[in-house]
Amino acid sequence: MSFLQILLQLAGGVGYTIMVTVACSLTGVVVGLGVAMLSRIGPPWLRGLLGAFTFIFRAVPVLVLLFIVFFGLPNAGLRVPPLVAMMLSLGVIAGAYLAEVFRGAFDSVDASEVLAAEAMGLSRFQILRLIEIPQMLRFAVPGMINEFTTVLKYSPFAYTVGIPDVMKEAMSLSATTLRGVEIYLAVGIIYFLIYKLLVTGVWALEKRTRIPGLTG
Amino acid sequence: MTLLSVQDLKLEYDGRIILDGVSFDLAQGELKVIMGPSGSGKSTLLRCLNRLATPTGGRVVFEGRDVLGPGVDERALRQRIGFVFQNFALYRHLTALQNVTLALRHLRRMPAAEADERALRQLARMDMQAHAHKYPAQLSGGQKQRVAIARALAMDPAVLFFDEPTSALDPLMSREVVNILHQLRDERVSMLCVTHDLYLARAAGGRVMFLDEGRIHAEGEVDELFGPNADPRVRAFFHQELRQAQTAQPIDAAQPMDQAQPAGPSGPAGLAER
Amino acid sequence: MASFLALMLEYWPQVLSGLGNTLLLAAVISVTGLAGGVVVFYLAISGGPLRRRLTEGYISFFIGTPLIVLLFLMYYGLPQWGLKLTPFTVAVIGFTLNVAAYNARYLMTAFRGLDPDELQAARAQGFSDLQVFQLVILPQVMRLSVPALTNQVILNLKDSSIAFLIQYAEFFAQMQDLAIRSFRFLDAYLVAGAVYLALVSVVVVAARWLERRYVLPGVRRAR
């Protein structure tokens, strides 16, 4: 079996790897946006609660949270499908990190523009939607790329809950062919290519929506 | 006809008195300048009038309605008042045109085409139609100012508030601002302008009030206020501003004259020293 | 939960040894990862363009590929070539290569913020390149990077749980063992999560102290 054949064999799992990465990244963006928005416009007690949320989910290892959700929750009568378990663990943790990224990016929005929007008669929610979020997201691009990369790199944990991603393919292939070194080398190259694709893709998107004078 | 009436307005914050009983009226179509040193409470005064700040006492009647009472629709009030900020506060992620259409689209719920057409008219009024599709970062200070004014005018406000319109501009651009104020005054736009810029206060050509330490100490036509019988506080402010303008002079020889016209016999300096 | 805690008490030595192994691994890779990071950083900023490209490629590759792949390569792959390493050795090598890449990147970011005139001045005084690195660059860059470097220590502590997947008998592996023994998965993993939370909190407090102590006055912090 040539190295190329190994690569082709493993490529079968790429779809799942990308699916897990995208699903968890989107979960992260939704959770992170929700947390950052609520702590920007919510009452102080809620801010404290959200601060505790981000601290806890940034302190617990992904693997531990994944096992809590996938293997632990059935003890409480709650059975969670593998992909959802990944989203509730890796995705929510990414959300806690992204909430911090978004919080910092929100702080880069000029306070005088927010005041001007208030003086115009826009509601708090309109200001958030029309002024703060569009600017904040642009400031947050580098931080988001970092976090999406991290999600990609933790995505192989999906094999532990039975998702047939690249890692899972590699493990079964390695068990039958006993050529672990080449196989895992190939896996490394595949992840690196996905990583490059991801980073290039996000920057291309950023470039298309770039506005003079507004970069992160 | 009185458009805006301010009666004994007070604001205390953190034990400090910011506004100490300010009263004045603004008539329909009038341009009034509130002049005073920084920290005199003039920006806060403007913010009290559209409820961006909350006064602790007094009355504000705008278009016949009490503005400070309970049950006032703050957002509806603000839509009647165009506010031009010191640093322009253009939305950096929106083009000049989008800055102007934002309120039309999201507060008036106007269809895009209609909002664009109306915004372009306002930009044209400010001679900015050629720059409609540029972002704030691509505009000069004076151009940003014009867009900010067009943005405020687009909602057909009953009055326009200017907060230090010249402080972020070089002297040449300050003259432009005066021209714009004159243009709008000729169009019968009611305006309230807050500034510490002597040149602007003088050249604007409206009634001028002198605000210091939260109180109005003098009010009158420009020449009365700057004339020989001026209030001692006005004189003190005057001298201080002039000194600053003069010491700033050698550093940038290209812009000596405009800020306060220190040397010109017809300028405020001449009047003050007489 | 109460009965699970009783079970934990019964297997206390096992839990404790797991905790010890977690802390040992986290401590070792934090030190080797920092040393490795400094070496990679030095290689990246000294020498010709070829070496710079190679080190940048190294950093990029290890930041772009999952650590678990490297660990599996060494732990499950190398024995097929007749080279059998212990889980601890595999973990230390794998983590060090990975963490060094991250630390080097933080140091590079801080380095870009340094005043070039200052380096010129040091060279003009007659210092050698290595001396400039040791005496001028490294002390500043390290201090500027304190927040990023301490954050990496927290990541090391959390990520050491990955070593459980290559049979290293660290804390999470022991909790997994107890979970299977008792069939109280939820309890076991929740306790594990709480322990990591407590450990990370301790590191966070220590990191705050370190930041206050070592951040240079008047020097902007690297983000």
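Colleague: Which strand pairs with β9 of chain B, and in which sense?

Modeller: In this predicted model, β9 (residues 207-212) of chain B pairs with β10 (residues 215-220) of chain B. The pairing is antiparallel, over 5 bridges.

Colleague: Which residue stands opposite D212(B)?

Modeller: R215(B), in β10(B).

Colleague: And what do β9(B) and β10(B) form?

Modeller: They form a hairpin, with 2 residues between the strands. In the turn, E213(B) has a positive phi of about 50°.

Colleague: Now the open sheet in chain B. What is the strand order?

Modeller: The order is β2-β1-β4-β5. That is 4 strands, with antiparallel pairing.

Colleague: Which strands stand at the edges?

Modeller: β2 (16-27) and β5 (65-66) of chain B. Each has a single partner strand, so one side of each is left without a neighbour in the sheet.

Colleague: How many bridges join β1(B) to β4(B)?

Modeller: There are 5 bridges. β1 covers residues 2-13 and β4 covers residues 57-62, and the two run antiparallel.

Colleague: Which strands does helix α1 of chain B lie across?

Modeller: Helix α1 (residues 42-49) lies across β1, β2 and β4 of chain B. The helix runs at about 120° to β1(B).

Colleague: Change of topic: chain C and chain A. How many residues does each give to the contact?

Modeller: Chain C gives 41 residues and chain A gives 40.

Colleague: What area is buried there?

Modeller: About 3,400 Å² between chain C and chain A. Carbon and sulfur atoms give 72% of that area.

Colleague: Which three residues of chain C supply more than any other three?

Modeller: Q80(C), K158(C) and L186(C). Together they supply 16% of the area that chain C buries against chain A.

Colleague: How many salt bridges are there, and how many polar contacts?

Modeller: The salt bridge count between chain C and chain A is 0. For polar contact, there are 9 residue pairs across the interface, with both residues at pLDDT 80 or more.

Colleague: Which helices of chain C supply at least two residues to that side?

Modeller: α3 (49-64), α4 (67-77), α5 (87-112), α8 (146-159), α9 (171-182) and α10 (185-214). The largest share comes from α10(C), with 11 residues.

Colleague: And how do the residues on that side of chain C divide?

Modeller: The side touching chain A has 27 nonpolar, 10 polar and 4 charged residues.

Conventions. Residues are numbered from 1 along each chain as its sequence is written. Chains are lettered from A and ligands numbered from 1 in the order in which they are written. This is a predicted model: local features need pLDDT of at least 70, side-chain atom pairs count only at pLDDT 80 or more; totals for chains, interfaces and linings use all residues. Side-chain values use heavy atoms; hydrogens and water are left out. Contact means heavy atoms within 4.5 Å. Buried area is the accessible area (1.4 Å probe) that two parts lose on being put together, summed over both. A salt bridge is a side-chain nitrogen of Lys or Arg within 4 Å of a carboxyl oxygen of Asp or Glu. A polar contact is a pair of N or O atoms within 3.5 Å; within protein, one must be able to donate a hydrogen and the other to accept it, and residues adjacent in sequence count only if both atoms are side-chain atoms. Ala, Val, Leu, Ile, Met, Phe, Trp, Tyr, Cys and Pro count as nonpolar, Asp, Glu, Lys and Arg as charged, and the others, Gly among them, as polar. Two strands pair if DSSP finds at least two bridges between them. Axes are lines fitted to C-alpha atoms, for helices over the stretch in contact, and angles run from 0 to 180 degrees between N-to-C directions.
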